[in-house]
Amino acid sequence: MIPYFPKYFSNRAIVLYISLLLFLPVVFSFPMPWYWWLFGIVEVTGFFYFSYALTRQWQPIPSKKFENRVLTVALWIRILYVIFSYFLYQGMTDSPFEFSSGDAIWYDWMGQYGADIILRKNGSWHDFFSYVELSDMGYPLYLSVIYAIVGKSILISRILKAVISSFTIIFVYRLAQRNFGEDAAKICSVMCLLMPNLIYYCGLSLKETEMLFLTALFLERADALFRARIPSLRDMIILALIGVSTFFFRAVLCYVLFLTLVATVVLGSKRIKRGGKWAIEGILLLILGGIGYSNIGTSFYDASEYENIQQQQKSAMQWRADRKGGNSYAKYASASVFAPLIFTIPFPTMVNIETQQNQQMIHGGNFVKNITSFFTIMALILLLLTGKWRDNILPIAFVCGYLIVLAFSNFAQSERFHIPSLPFELMLASYAITNFKAKHKNWYTIWIVFIFVANIGWTWFKLRGRGM
């Protein structure tokens with residue numbers, strides 16, 4: 001068993017990234033501005049070097065002290081980034097929002113409007129709810145409450161995101177600890193602490209951080225309930241409420257979470273289905289019964305009509321090909337392309353495309369995902385071959401279920417939509433790392449070569465499709 005992230009993996013990943021960073025501008029021209037280079041170098045070297053250094057240094061620390069250490073460091077990193085990014089956006093976009101911002105501005109406006117209603121300044125809840133869909137209502141309502149308390153401060157609301165993101169890591173740690181052991185849990189926690197994409201969303205007025213918090217809390221509490229000898233009614237009610245609340249952030253996420261419970265009940269081993277099985281079954285009956293007799297049920301059935309999914313995806317890709325500044329090759333993308341790569345995509349944007357500053361800013365994080373996906377895939381293979389997958393069905397079912405849905409959606413290549421599954425992919429990756437053998441090194445080398453070639457192909461696709 002390897003109780004830390006080996007330096008062997010870190011060094012080769014960093015070398016590969018620097019090679020791509022130097023190679024792609026030479027072959028394709030269109031180099032990124034120097035500051036996006038700097039962002040990428042910090043993201044990649046920071047993740048891989050400190051994943052090795054911290055997992056090795058913190059490995060002997062007792063569990064409770066480890067949680068406190070992770071929480072403290074994660075909080076400081078995220079708060080500093082929130083403050084830095086706030087003033088970076090002010091300087092580069094003349095606003096506290098990211099480049100080409102759309103959703104974030106709308107969420108902020110809705111939050112301010114809702115805060116005025118709460119404080120009885122103006123507006124009405126009738127108008128508020130007429131502006132927002134049921135499955136996207138959660139974040140505007142949450143932001144309304146926060147703005148009413150802190151005075152419509154975007155900066156403070158993002159600092160609160162840093163707190164939420166830090167506690168998310170603790171839930172992931174506890175879930176990993178019960179499923180894969182202490183060593184894997186510590187590796188997973190450090191990788192989540194350092195993962196650039198998770199830090200990045202703390203600096204945006206988008207719902208991903210809060211949505212991920214609810215997802216992690218739901219899965220951790222569900223796992224604890226499954227393993228409990230005598231589940232309490234209070235825990236059952238809390239789990240149900242957490243699950244239902246995710247519907248108001250992203251409906252399909254709610255469906256996947258409850259279907260994950262179904263998969264665990266049906267496929268899980270006796271090791272993880274103790275007294276909690278009947279409790280989970282009761283929750284599922286109540287929730288599914290409620291769905292069947294509500295408007296939520298109607299939207300669920302609409303979302304379940306899979307015969308139109310391929311046509312919807314095709315139409316969306318055609319729109320991306322035809323729009324101004326779009327990629328004319330996007331129309332050739334489909335689930336048959338996305339599905340085999342769904343654990344690995346999106347590939348990073350490492351050349352300068354004027355309309356994609358956000359993608360260049362987080363390109364290092366996407367590269368990190370490209371590398372860590374090797375271990376995620378390896379973990380699934382190991383668990384399948386050893387038959388241990390039934391003991392860890394909850395995180396496996398969620399990751400696979402969510403990514404399958406994503407592969408058939410219009411957003412398979414959108415980095416933002418991968419966030420709900422990202423920590424749990426890192427959890428699986430940590431299991432593979434602890435079970436890595438010397439004979440597997442050749443597989444990692446092959447993967448490094450594949451990522452190098454794939455990034456060259458992706459860069460060609462992005463530039464050629466835009467006539468560049």
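Mentor: An axis here is a line fitted to C-alpha atoms, for helices over the stretch in contact, and angles run from 0 to 180 degrees between N-to-C directions. Helices (H or I, at least four residues) and strands (E, at least two) are DSSP runs, numbered from the N terminus. The model is predicted, so local features need pLDDT of at least 70 and side-chain atom pairs count only at pLDDT 80 or more, while totals for chains, interfaces and linings use all residues. Residues are numbered from 1 along each chain as its sequence is written, and side-chain values use heavy atoms, with hydrogens and water left out.

By class, 19 nonpolar, four polar and five charged residues make up the contact of α3 with α7. Nonpolar covers Ala, Val, Leu, Ile, Met, Phe, Trp, Tyr, Cys and Pro; charged covers Asp, Glu, Lys and Arg; the others, Gly among them, are polar.

In the loop between α3 and α4 (103-118) sits Ser100. Its phi is near 50°, a positive value in a residue other than glycine. Ser100 is exposed, at 66% relative accessibility; exposed means over 50% relative accessible area, buried under 20%, and partly exposed in between (1.4 Å probe, protein chains only).

A second pair can be set beside this one. The axes of α12 (residues 251-267) and α19 (residues 393-407) come within 9 Å and cross at roughly 140°, and α12 and α19 are therefore oblique to each other. Their crossing is right-handed. Among the residues that meet, Val252, Leu253, Val256 and Leu257 belong to α12, and Ile393, Leu394, Ala397 and Phe398 to α19; contact means heavy atoms within 4.5 Å. Here the classes are 13 nonpolar, three polar and no charged residues.

Leu253 and Leu257 have a further partner in Thr246, a residue of helix α11 (residues 233-247). Leaving aside neighbours within four places in sequence, Thr246 touches Leu214 and Cys254 as well. Thr246 is buried, with a relative accessible area of 0%.

Two other loops have backbone details to check. Phe30, in the loop between α1 (7-28) and α2 (34-58), has a positive phi near 50° and is partly exposed at 32% relative accessibility. Ile345 and Pro346 are joined by a cis peptide bond with omega of about 5°, and Pro346 lies in the loop between α16 (335-338) and α17 (357-361).

For the chain as a whole, there are 21 helices and zero strands, and 56% of the 468 residues count as buried. Of the contacts with a separation of 6 or more, 79% are between residues 24 or more positions apart.

Note on methods
Angles under 35 degrees count as roughly parallel, over 145 as roughly antiparallel, 65 to 115 as roughly perpendicular and the rest as oblique. A crossing is left-handed if the near helix is turned anticlockwise from the far one by less than a right angle, and right-handed if clockwise.
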